[in-house]
Amino acid sequence: MTVGDLGEFGLIAAITAQLPRGGRTVVGVGDDAAVLAAPDGRVVATMDLLVEARHFRRDWSAPADIGGKAAARNLADVAAMGATPVALLVGLAAPGDLPVAWAQDFVSGMAAECARTGATVVGGDVSSADAIMLAVTALGDLAGREPVTRAGARPGDLLAVAGVLGHAAAGLALLGAGLDEPEALVAAYRWPRPPYHAGPEAAALGATSMIDVSDGLVADVGHVAQASGVLIDIDTARLEPGDDLLAAAARLGASGPAGPAERAESAGQGGGPARALVWMLTGGEDHALAATFPPGATLPARWQVIGRVTEGQGVSVNGRPFRGRPGWDHFI
């Protein structure tokens, strides 16, 4: 059966039957709008778009993976503000010949990722389109904390990251080369697992700024540097590619679209390890969190210090400007 066979309201009924009701939901799916309890009095809100063939491919990713990824990239933005994700609103546009089972599996992946944070899907919309398009809005709760923005980094602060770097970029490169191993890297591209709890944790630890690494470490730390009016230097000696990244780099070689020579030189490495390091510096979609903390801050093990904030402007790598594309840009 296709979504065209089922019709708009039949599809909505099939989807919503899979969704649990959240504890903060006053009015859920089925009315003109959802109503949520907001004990803090403030709501963190963000939204993101995913377009088939631009953000995902159905021949590379299962529908549950696509749903999990769509949820993760939005929930991570809430966590990057120091907040706890609470709810998602989801818009789904799809061709009429899309199997209903695809849509149901997509929603199951989205619900599974929401469950990692305690969030729920509370509403949305469906429409027809020539390709699958997703519009996801995430809402979050600050629980009395002040939001952690991009604009608070100060000279002397430490730069630290929580979560993995470069895995999704390596997985994408492997799929693009017709490879499916190392499996963990391909899985990281298909369905990232952001460290959601690290966001509120960082806020409680006194983080001065924070960002979701969605487009690449150099690019996203650059947003923090620009908003804060500082220079942030990344120390690649503190970025150690794991065995999977090194294995993927060896399989793909030192050249290719993910690691041009000028960026490898900028990273201060050569050969396969250079490509692995470039993935860590410029690869997005892992949705790690990068944050700055006051000097001398004692951080839990999940936070790895990888650089420092100084006077100046922009981002440097090992004290030098980074040459090459710093991360993903839709229009470049």
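1. A word on how to read the values. Residues are numbered from 1 along each chain as its sequence is written, and side-chain values use heavy atoms, leaving out hydrogens and water. As the model is predicted, local features need pLDDT of at least 70 and side-chain atom pairs count only at pLDDT 80 or more, while totals for chains, interfaces and linings use all residues.

2. On overall form, the chain has a radius of gyration of 20 Å, which agrees with the value near 20 Å for a compact globule of 332 residues. This radius is taken over C-alpha atoms, and the globule rule is 2.2 Å times the number of residues to the power 0.38. The C-alpha trace spans about 60 × 50 × 30 Å along its principal axes.

3. You will find 11 helices and 13 strands in the chain. These are DSSP runs numbered from the N terminus, with helices (H or I) of at least four residues and strands (E) of at least two.

4. Now a closer look at E52, in the loop between β3 (44-51) and α3 (63-79). E52 is buried, with a relative accessible area of 17%. Its side chain joins that of R58 in a polar contact of 2.8 Å; such a contact is a pair of N or O atoms within 3.5 Å, and within protein one must be able to donate a hydrogen and the other to accept it, with residues adjacent in sequence counting only if both atoms are side-chain atoms.

Conventions
Buried < 20%, exposed > 50% of the residue type's maximum accessible area, 1.4 Å probe, protein only.
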